[in-house]
Amino acid sequence: MTMTQPPIFDSQSPLPKVAWAKGSYVYDTNGKQYIDGSGGPAVYCIGHSNEEVNAAIIGQLGRIAHGYRYTFTSDALEQLTEIISTRCGGTLNHMVFVTGGSEAVESCLKLALQYHAARDDMHRRKFIARRRSWHGNTLGALSVSDFLERKTAFEGSLIDVARVSAVNTYRPILGACAETTAEVCAKELEDEIIRIGPEHVAAFIFEPVVGAAGGCVPAPETYAVRVREICDRYGVLMIADEVMCGAGRTGWWRALEQDGAEPDIMSVAKGLAGGYMPLGAAIYNDKVAAPINSVHGAPLTGHTFTGHTASCAAGVAVQTIVTRERLVERVRSNESTLKQMIADSLRDVDAVGDIRGRGYFIGIELVANKETKQPFGSSHGLHIKIRQQALANGLICYPVGGNVDGINGDVVILSPPYNSTDAELTEMVDKMSLSIRQVLAIERPRQHD
Ligand SMILES: Cc1ncc(COP(=O)(O)O)c(C=O)c1O
């Protein structure tokens, strides 16, 4: 590595002020350059300031910014609906557009409840969710989440949600090993449905590849298919939260495509409009749509800005580029190269416990002891220091904490734009490796503090 050594992190420093960006690079008002290795939190899938997307948004704004959903449909909304239906496949061709991930998840939960209500099955009100998961900041989405740090202040007012274990082959649950994790965890879900009483369970919600709360944790092969069977057996809806891992991030447009499973309802957001405008969607299949449409006429969810015309225009433009430039395919074929580059760059770093993830959604879990997988204590604030050090080094990456037990654990996420050049990927990996090494050089000796 030939990079000069920038200053060691300063935890007191204020955030830099963003000025402009182009492609994979972002600049602050002091002229400092950052390479965007994480798309913020896995958002900017085609990089920044794309002229074609900007022109599409400006063109839409020049005609009309927003046609209210109960007054008008629009070309942008209809085109985006068509694109998403085609990308999702199956009968996932019904959708409610919203302005982000939390609203998308909130809508997914409400669609599940409305489906059961429309079938005159008002007993099915209970959600089951997994530990170490993140579904968003609104009260419903927060209720199904299990990110302690973000929930504690709101306890007492959240929905009572049933919880099953996180599904993680690096940290299998008691009584399982990596090979049996899929089956043991699927069985745990089935047992929980039976314990609650299937007649009370509305839906099971999970992230096909866990993002911020777990650090890019894909479920093992066969898990999603088993979940699909179990949900069908007990009349429970299957909700896939693809806000972070969807829209091509894992090398498949729907993350669950790779697992050979189709959910009843799914959320998508971050990569849908790539950060150019706020946009998300709750997407649902014919099975869910049929009773809703025949009994209530339409989904009983949505907001003033549902189907915002300029946001939909941004989504159409981003998805047109993703399709035309075969970026999902590029992500899929580059996955092993990116993982290998990361592994090579950290080969001699003994705190690297696991490198995992799919496509351009890769997490590096750092541990104090590789044999026991014991994390660094949260008092180290390792992930926060790596984030700051990376910024000082001119890298935006996405270090997260609490993946082990909600408090302890450190994972550094890399989630580059799908169209980053090979040289840019190399720069991201080098700067991430440097940042991790610099912080560990200070924190390793403090390990037993
Ligand atoms: C899986 C998942 N679901 C939902 C959300 C909430 O999305 P938003 O922050 O856009 O409201 C996030 C955000 O990180 C997420 O990762």
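Visitor: How many bridges join strand 1 to strand 2, and do the two run parallel or antiparallel?
Guide: This is a predicted model, and the pair in question belongs to an open sheet of 4 strands in the order 1-2-3-15, with mixed pairing. In that sheet strand 1 (18-22) and strand 15 (395-396) are the edge strands, each pairing on one side only. Within the pair, V18 stands opposite D28 in strand 2. Strand 1 and strand 2 (residues 25-28) run antiparallel, and the number of bridges that join them is 4.

Visitor: Which two domains does the domain assignment give, and how far apart are their C-alpha centres?
Guide: The domain assignment of the protein gives domain 1 (18-49 + 327-443) and domain 2 (52-324). Between the C-alpha centres of domain 1 and domain 2 the distance is 25 Å.

Visitor: Which element gives the largest share of the side of domain 1 that touches domain 2?
Guide: The contact involves 34 residues of domain 1 and 34 residues of domain 2. On the side of domain 1, the elements that give two or more residues are helix 1 (39-42), helix 11 (327-345), strand 13 (352-358), strand 14 and strand 17. By class, this side has 18 nonpolar, 9 polar and 7 charged residues. Its largest share, 5 residues, comes from helix 11.

Visitor: Which residues does A281 touch, not counting residues up to four places away in sequence?
Guide: With residues up to four places away in sequence not counted, A281 touches I84, M95, V96, F97, V98, A104, V268 and L272.

Visitor: Is V53 buried or exposed?
Guide: V53 has its place in helix 2 (residues 51-63), and, leaving aside neighbours within four places in sequence, V53 is in contact with Y276, A314, A317 and V318. A residue counts as buried if 20 or more other C-beta atoms lie within 10 Å of its own. For V53 the number of other C-beta atoms within 10 Å is 25, so V53 is buried.

Visitor: Which helix gives the most to the shell around the ligand?
Guide: The ligand is surrounded by 16 residues, of which the closest are G100, G101, S102, G136 and V243. By class, this shell has 7 nonpolar, 7 polar and 2 charged residues. With 3 residues, the helix that gives the most to the shell is helix 4 (residues 101-118).

Visitor: How many of the 11 residues of helix 12 are buried?
Guide: The buried residues of helix 12 (residues 382-392) are L382, H383, K385, I386, R387, Q388, Q389, A390 and L391. What covers them includes strand 3 (33-36), strand 14 (361-366), strand 15, strand 16 (398-401), strand 17 (410-414) and helix 13 (422-443). Helix 12 is largely enclosed by the rest of the structure, because the number of its 11 residues that are buried is 9.

Visitor: Which residue just after helix 12 takes a positive phi, and of about what value?
Guide: The residue is G394, which follows just after helix 12. Its positive phi is about 80°.

Notes:
Residues are numbered from 1 along each chain as its sequence is written. This is a predicted model: local features need pLDDT of at least 70, side-chain atom pairs count only at pLDDT 80 or more; totals for chains, interfaces and linings use all residues. Two residues are in contact if their C-beta atoms, placed from the backbone, lie within 7 Å. A residue is near a molecule or strand if its C-beta atom, placed from the backbone, lies within 6 Å of it. Ala, Val, Leu, Ile, Met, Phe, Trp, Tyr, Cys and Pro count as nonpolar, Asp, Glu, Lys and Arg as charged, and the others, Gly among them, as polar. Two strands pair if DSSP finds at least two bridges between them. A residue is buried if 20 or more other C-beta atoms lie within 10 Å of its own, exposed if 12 or fewer, and partly exposed in between; C-beta atoms are placed from the backbone. Domain bounds come from an automatic or database domain assignment.
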